[in-house]
Amino acid sequence: MASRMVLSRATRMKTRLQSALEATLIEVEDVSHQHAGHDAVKETGTNETHFNVKIVSGKFDGQNLVKRHRMVYDLLSDELQSGLHALSIVAKTPKEAGIFCSTGTPVQKIVYYFADALQHRIDREMGKMPFTGEDVEVYSTDVEEFIMDLEPAEFAKRPLYAYRQATQFTGIQAILDSTMTAKKVHLIDLSIKSGSQWTTFMQVVADRHECPLKYLKISSVGRSKKMMEDVGRRLSAFSAETLINVSFCFKTVVSDLKNLKIDSFEVEADEVVAFYSDTILWTMLSWADELGSLMEVIKSLNPCIMVVIEPVANTNLSNFIDSFDESLTYFSAIADCFEVHHKGIPICGGFCIQKFIRSMITYHGEETVPRYGNVKSVEGLVCKVSCDGNRTELLIPVPSKFTV
């Protein structure tokens, strides 16, 4: 099986520092674009050269500033020898930062994340912190790569995994039911993650003797071409072992959801198309026009079914207090996930949960801030596809105030 593709420098740095320092808080910001014209940058031959690093770790206790910086530089020595040119480091102990240590309970961490978001909101309203589009990009390429890198076995350790697994299996079964007589199936996944859901699909198809499948194509949408290609290689290897007399094809569509076009997908006239969207459309709820265009693209491809899996937390409210309450309820419900680590990084921390909370609390009221929606808003999405007779399945994993 092919080896894993190399992650971005920011992701590698975060993984290394988190694992070694057991950081309570870690932020790695790529500011290379601010130094693009410098001679030293040109000599490195890479565009990942300058970073701001903020770390809170109990391992800094008793260490002066110089020793703390030396600890960080020593941990990143490989990066410094391969193109990393400069670091701006903020290194504090939990006490200095006024937060709980890494052994704090999930509830304590939730308290910190929301207190941090409120402090940023105060700073912003006092003019100490300007608003930029980068501040609210919660589903960045780094987050996408982290999610795609998760091993299914590691992901299964999440306390809420049983519920996620139930929604996933239900969605895959719905696609199987809708394509059971098709000879050629084209699956379009808007957020493929590790791709493990499609191994389940292949296993069931392999045991189907009536109306056997002849051709299977999977198109993956995302911004990380390297990671999608890695998933494609794993699925190709699995199909070769599992699917007999079935041609398999994996395509990557390198694009964010806002810029998808009809011709982004190579759809043949005799292919039966099915869409699968797992916890990704919420990132589009604040961009009504772009979201409407995406739904039109999906509808124009005439899918036999579209499966939508989305969390429900009505943070998209005009009143700040109501929105704060909804956000606190939702993130408190998933707090136990903070205790599960992948390659030294807390899974929820790796998903930039702090950035999620900041975007919803600090920047509440900004039209471009991604937010979770209620059942009605998510149902509105699938209705745009199903109004012409196409089947849609809306699945809502817990925790949630609603069940469908």
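## Helix packing and ring pairs in a predicted model

W198 has a relative accessibility of 0%, so W198 counts as buried. In total, the structure holds seven aromatic pairs.

**The W198 and Y276 pair**

- W198 forms an aromatic pair with Y276; the ring centres are 5.1 Å apart and the planes stand at 70°, an edge-to-face arrangement.

**Rings in and around α13**

- F320 and F324 make a tilted pair, because their planes meet at 50° with the ring centres 6.1 Å apart.
- Both of these phenylalanines belong to helix α13, where F320 and F324 are four residues apart, or about one turn of the helix.
- If you follow the ring pairs, you find F114, F320, F324, Y330 and F331 linked into a cluster.

**How α13 meets α15**

- Helix α13 (residues 320-333) and helix α15 (residues 353-361) have axes that come within 10 Å of each other and cross at roughly 165°.
- An angle over 145 degrees counts as roughly antiparallel, so that is the description for α13 and α15.
- The crossing in which α13 passes α15 is right-handed.
- On the α13 side the contact is made by F320, S323, F324, S327 and F331, and on the α15 side by I353, F356, I357, M360 and I361.
- Sorted by class, this contact of α13 with α15 has eight nonpolar residues and two polar ones, with no charged residues.
- F320, F324 and F331 turn up in the ring cluster and also in the contact with α15.

**How α1 meets α3**

- Helix α1 (residues 9-21) and helix α3 (residues 65-75) have axes that come within 10 Å and cross at roughly 125°.
- That angle makes α1 oblique to α3.
- The crossing of α1 and α3 is right-handed.
- From α1, the residues R16, L17, A20 and L21 meet M71, V72 and L75 of α3.
- By class, the contact of α1 with α3 has six nonpolar residues, no polar ones and one charged residue.

Notes. Residues are numbered from 1 along each chain as its sequence is written. This is a predicted model: local features need pLDDT of at least 70, side-chain atom pairs count only at pLDDT 80 or more; totals for chains, interfaces and linings use all residues. Side-chain values use heavy atoms; hydrogens and water are left out. Axes are lines fitted to C-alpha atoms, for helices over the stretch in contact, and angles run from 0 to 180 degrees between N-to-C directions. Helices (H or I, at least four residues) and strands (E, at least two) are DSSP runs, numbered from the N terminus. Angles under 35 degrees count as roughly parallel, over 145 as roughly antiparallel, 65 to 115 as roughly perpendicular and the rest as oblique. A crossing is left-handed if the near helix is turned anticlockwise from the far one by less than a right angle, and right-handed if clockwise. Contact means heavy atoms within 4.5 Å. Ala, Val, Leu, Ile, Met, Phe, Trp, Tyr, Cys and Pro count as nonpolar, Asp, Glu, Lys and Arg as charged, and the others, Gly among them, as polar. Rings of Phe, Tyr and Trp (its six-membered ring) pair if their centres lie within 6.5 Å; planes under 30 degrees apart count as stacked, over 60 as edge-to-face and the rest as tilted. Buried means under 20% relative accessible area, exposed over 50%, partly exposed in between (1.4 Å probe, protein chains only).
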